[in-house]
Every structure is written in C-alpha cells, then in structure tokens.
Amino acid sequence: MPRLVDHDARKGELLDASLALVAAEGIEAASLRRLARAADCTTGAITYYFEGRDALLVAMLRRAHQTTGARMLRAAGRGALPRDRLWAVLMEALPLDPERLAEWRVWLAFWGAAAGHPELIEENLARYAEWRALLQSLVRDMAGDRADLSLRVDALIGLVDGFGLQIALSKGLHSEGAAALRQSAERLLKAQLDELVNAEG
C-alpha cells in the first residue's frame with residue numbers, strides 16, 4: 001500500500017524548517033533551493049504546497065504569527081488578577097528565551113522584506129490588529145474602559161517593540177547589554193501598569 005501522507009503536518013514541517021533558516025541566516029537565505037535543503041526535501045515538494053517563493057514567504061509569516069498568537073492566548077489565561085494576566089502577555093512578547101529570540105529574528109527579517117511586498121504588509125497589519133485587540137481587552141479588564149485606552153495600549157506596544165528590537169540585536173540573551181535592557185523593559189512596563197491603576201481615565 002502507498003504510504004499515507006499527512007499533508008497538513010508536512011506543510012507545517014516545511015514552514016517550521018523555513019522559519020528556522022530565516023531566524024539563523026536572514027530572509028536572503030530563503031531561496032527555494034536553500035529552503036528545500038533545510039527541510040530535507042526537493043524544491044518540487046515545496047512548490048507542491050506553495051505556488052512560489054512569495055506564497056511561501058507569506059505562509060511562513062502567517063505560521064510565525066499563529067504560533068506566537070497561540071502562546072499569547074495561553075499567557076493571557078495565567079494569573080488570577082487582570083494585572084497578572086496582562087503582565088504575563090507583555091513578558092511573553094519579549095525575546096527572553098531562545099524560542100522567542102528566534103521569533104524576533106524572523107520578525108526583523110520580514111519587517112525588512114515587507115517594504116516591497118504588499119501581502120507581507122497586510123499580514124503584519126493583521127497581526128498587529130490582533131495583538132492590539134488582545135492588549136485592549138486585558139487593559140480594559142484591569143483598568144476599565146478608559147478614555148485613553150488606545151493611547152495606553154499604543155504605549156505598551158511601543159515599549160515591547162522597542163525593547164524587543166534592542167534585545168534581539170544585542171550580543172546574546174546572557175550578555176550584560178541584554179540583561180540591562182530586560183531590567184529597563186520590566187521597570188518601564190511596570191510603571192505603565194501602575195499608571196493604569198492610579199491615573200484617572
């Protein structure tokens with residue numbers, strides 16, 4: 001009998017191998033030939049699932065977003081108090097372990113590539129809309145439906161993106177620079193949460 005292939009699982013394996021290559025070497029390394037070698041398959045196997053490199057790039061970014069989004073939702077379920085849940089999500093968003101550092105390196109690669117690629121821009125916009133909606137819900141649970149809700153959420157996103165970018169570009173997670181950045185991120189994010197509790201809406 002011919003061997004049954006789980007096409008969804010195989011497609012996921014191809015995407016994960018491709019993302020690992022981009023995290024390690026950048027998006028410039030993501031030729032179909034290099035991606036096929038990283039996934040231990042032929043270029044024909046890749047084009048069986050994806051129309052071409054552009055379609056593969058969009059699918060890779062979507063896969064990365066889905067993986068991160070699922071982890072964020074798990075983090076949002078931690079803690080008995082709304083502040084604890086919001087804090088868990090903010091910490092989960094920063095590149096503080098090898099898995100999340102690899103994700104940030106993927107984001108960096110795709111942010112650079114998105115400038116000339118409308119579908120990547122749209123995928124990034126969709127991801128930010130979901131991320132913003134999650135934070136808005138958590139902030140509302142913690143501090144009520146404030147007049148400055150959107151501004152507060154934008155401040156949190158700006159802090160996470162700014163510190164995440166600097167940590168991802170530092171000389172390793174255990175470097176002195178990364179440790180200092182993590183401390184600053186935690187201090188400023190805690191200050192934002194304190195203001196949410198204490199300031200008038």
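Start by selecting Glu 103, which touches Thr 67, Thr 68 and Arg 71, leaving out residues up to four places away in sequence (contact means heavy atoms within 4.5 Å). You're looking at a predicted model, where local features need pLDDT of at least 70, side-chain atom pairs count only at pLDDT 80 or more, and totals for chains, interfaces and linings use all residues. Numbering runs from 1 along each chain as its sequence is written, and side-chain values use heavy atoms, without hydrogens or water.

Glu 103 counts as buried because its relative accessibility is 13%, buried being under 20% relative accessible area, exposed over 50% and partly exposed in between, with a 1.4 Å probe and protein chains only.

Next, pick the aromatic rings. The whole structure holds two aromatic pairs (ring centres of Phe, Tyr or the six-membered ring of Trp within 6.5 Å; planes under 30 degrees apart are stacked, over 60 edge-to-face, the rest tilted). Tyr 48 and Tyr 49 make an edge-to-face pair, 4.9 Å centre to centre with 85° between the planes. Tyr 48 is exposed at 58%, while Tyr 49 is buried at 19%. Now jump to Trp 104 and Trp 111: their planes sit at 90° and their centres 5.9 Å apart, so this pair is edge-to-face too. Trp 104 is buried at 3%, whereas Trp 111 is partly exposed at 28%.

Finish with helix α8, residues 149-168. Its buried residues pack against α5 (82-93), α6, α7 (118-143) and α9 (176-198).

Note on methods. Helix = DSSP H or I, 4+ residues; strand = E, 2+ residues; numbered from the N terminus. Expected span 1.5 Å × (residues − 1).
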